[in-house]
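Okay, thanks for making time, everyone. I'd like to walk you through one chain today, going from the overall layout to the packing inside.

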Amino acid sequence: MTKARSILQSIGMRVLVAPDPVPLLTGLSPETAVAVLRTLKARNADGIGAMLAAHEVALAPAMPDMSAPPVTLDRQVPPDWVDYNGHMNETHYLTAFSNATDRLLLWAGMDAECIAAGQSVFSVETHLRHLGEVDIGDQITVTTRVLDGGGKRLHLWHEMRRGADMVATGEQMLLHVNLETRRPAAPPERVGLFFAGVAAAHAALPPPDGLGRAVGQPR
């Protein structure tokens, strides 16, 4: 029991001890069970969801060198991200880029404590380009460039790759927001300094292909 508890807790599970085995997820396939856990992480802030979210933060890699766009996502495509065409659904390209943004925000200091204090960011505009197909089990990586940051506005450029192949880009505009007023506000000092510094470091890079592109423009 001690060994089992240690192993289960190390992978982000909560151990419940009962007099008899209790099949909490009886009859659910592995994909469905994973989907249930993901939903709990997003919506159950005070229970299992909070535990899963905290575990994910603990597994997050340390902040890398920010002189070049860092890898903000590195994962396999799960079965529930795939649609009836047999490739990754458009919804989950946004999910991947959103997760990449969250990783960058965590490095900047926009953590749970910061949000509890009433400071967060809201997305105001997103533009995605789908450049290649992605299938179940493919390993995808996202790198993120800070085009503008330090003040109320945060302008990001994401690039998704499968191996060496670029499969998608995502351009995002976000605003720092005071959660009490629900209005744009200056970010916390440490967050502002982080993004100002990274934007300055990335400013010397050439403009990314597709930046500011409107829907319908030829590639």
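**Layout and packing**

So, going along the sequence, the order of elements is α-α-α-β-α-α-β-β-β-β-β-α. That gives six helices and six strands. Keep in mind this is a predicted model. Of the 219 residues, 35% count as buried. And if you take contacts with a separation of 6 or more, 69% of them are between residues 24 or more positions apart.

Now, the helix pair I want to show you. Helix 4, residues 90-108, and helix 6, residues 189-202, have axes that come within 9 Å and cross at roughly 115 degrees. From helix 4, the contact uses Leu 104, Leu 105, Trp 107 and Ala 108, and helix 6 brings Arg 190, Val 191, Phe 194 and Phe 195. By class, that's seven nonpolar residues, no polar ones and one charged.

Okay, on to the cores. Which residues have the most contacts inside the largest nonpolar core? They're Leu 104, Val 146, Leu 154, Phe 194 and Phe 195, in a core of 17 residues. Helix 4, strand 4 (153-162) and helix 6 each give two or more residues to this core, and helix 6 has the largest share, with five.

Have a look at Val 146 too: leaving out residues up to four places away in sequence, Val 146 touches Leu 104, Leu 154, His 155, Leu 156, Phe 195, Val 198, Ala 199 and His 202. Then there's a second, separate core of 15 residues, including Trp 81, Ala 100, Val 134 and Met 160.

Notes: Residues are numbered from 1 along each chain as its sequence is written. This is a predicted model: local features need pLDDT of at least 70, side-chain atom pairs count only at pLDDT 80 or more; totals for chains, interfaces and linings use all residues. Side-chain values use heavy atoms; hydrogens and water are left out. Helices (H or I, at least four residues) and strands (E, at least two) are DSSP runs, numbered from the N terminus. Buried means under 20% relative accessible area, exposed over 50%, partly exposed in between (1.4 Å probe, protein chains only). Contact means heavy atoms within 4.5 Å. Axes are lines fitted to C-alpha atoms, for helices over the stretch in contact, and angles run from 0 to 180 degrees between N-to-C directions. Ala, Val, Leu, Ile, Met, Phe, Trp, Tyr, Cys and Pro count as nonpolar, Asp, Glu, Lys and Arg as charged, and the others, Gly among them, as polar. A nonpolar core is a set of buried Ala, Val, Leu, Ile, Met, Phe, Trp, Tyr and Cys residues joined through side-chain atoms within 4.5 Å.
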